[in-house]
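Here are my notes on this one, in the order I'd go through them with you. Have the viewer open while you read.

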Amino acid sequence: MKTFKQASEVIKDAEKFHLELAKLYRELLQKSTDSRTQLLLKHMLEHEQRMAKNLANYSGVAKNKVMQTWLQYTHEESAADFIRRLQLSDPPTIKEINNMGRAVDRYFSDLYEAVYGAIESTEVKEVFEDLKQIQDKERITLSMATNSLWDM
């Protein structure tokens, strides 16, 4: 379903999604008994908290006029729906956690790319290009952390 949202709403929705994922990772961390899985979950929890904070700071810093730009928006999935679709075991394995992290990163990368491609304003494009670059850097960091866990 396509809806229209202001750029500020898209960013607020993304921030909320990251906070919901952080809550999920915290819950999974409490259930986990495997030390490698716990390390990965801690890293992913910190990642989601950092991304939510980045988005909160971004929406506070971005120009108000830019943030009021209307966008055609198609990503309406909640974090709970997104996670439910992944069909994790209880508790999830390290492989499932790793796949979930990759799926989340793809979700946000696709979101920012779709928004970027749907807008005409150079200022708004810059906002979402910056967000995509931040997300891509975080994806690389997660990948490096995951690779180091496999070596343990």
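How does K12 count: buried, partly exposed or exposed? At 45% relative accessibility, K12 comes out as partly exposed, where buried means under 20% relative accessible area, exposed means over 50%, and partly exposed is in between (1.4 Å probe, protein chains only).

1. Ground rules. This is a predicted model, so local features need pLDDT of at least 70 and side-chain atom pairs count only at pLDDT 80 or more, while totals for chains, interfaces and linings use all residues. Residues are numbered from 1 along each chain as its sequence is written, and side-chain values use heavy atoms, with hydrogens and water left out.

2. Overall layout. The chain has six helices and two strands, taken as DSSP runs (H or I of at least four residues for helices, E of at least two for strands) and numbered from the N terminus. Going along the sequence, the order is β-α-α-α-β-α-α-α.

3. Burial and surface. The chain has 152 residues, and 43% of them count as buried. Its accessible surface is about 8600 Å², with 50% belonging to carbon and sulfur atoms; the areas come from Shrake-Rupley with a 1.4 Å probe, and for residues only the protein chains shown count as cover.

4. Contact range. Take the contacts (heavy atoms within 4.5 Å) between residues at least 6 apart in sequence: 81% of those join residues at least 24 apart.

5. K12 and E15. Back to K12: its side chain meets that of E15 in a salt bridge, 3.2 Å from N to O. The term here means a side-chain nitrogen of Lys or Arg within 4 Å of a carboxyl oxygen of Asp or Glu. Both residues lie in helix α1, three residues apart, about one turn of the helix. Leaving aside neighbours within four places in sequence, E15 is in contact with A52, L55 and A56.

6. K16 and E20. Helix α1 (residues 7–31) also holds K16 and E20, four residues apart, about one turn of the helix. They form a salt bridge with the closest N and O atoms 4.0 Å apart. K16 is exposed at 51%, whereas E20 is partly exposed at 30%.

7. K132 and D136. Which helix holds this pair? K132 and D136 sit in helix α6 (residues 122–150), four residues apart, so about one helical turn separates them. Their salt bridge has its closest N and O atoms 3.0 Å apart, and both residues are buried.

8. Salt-bridge tally. Searching the whole structure turns up four salt bridges, among them K12 with E15 and K132 with D136.
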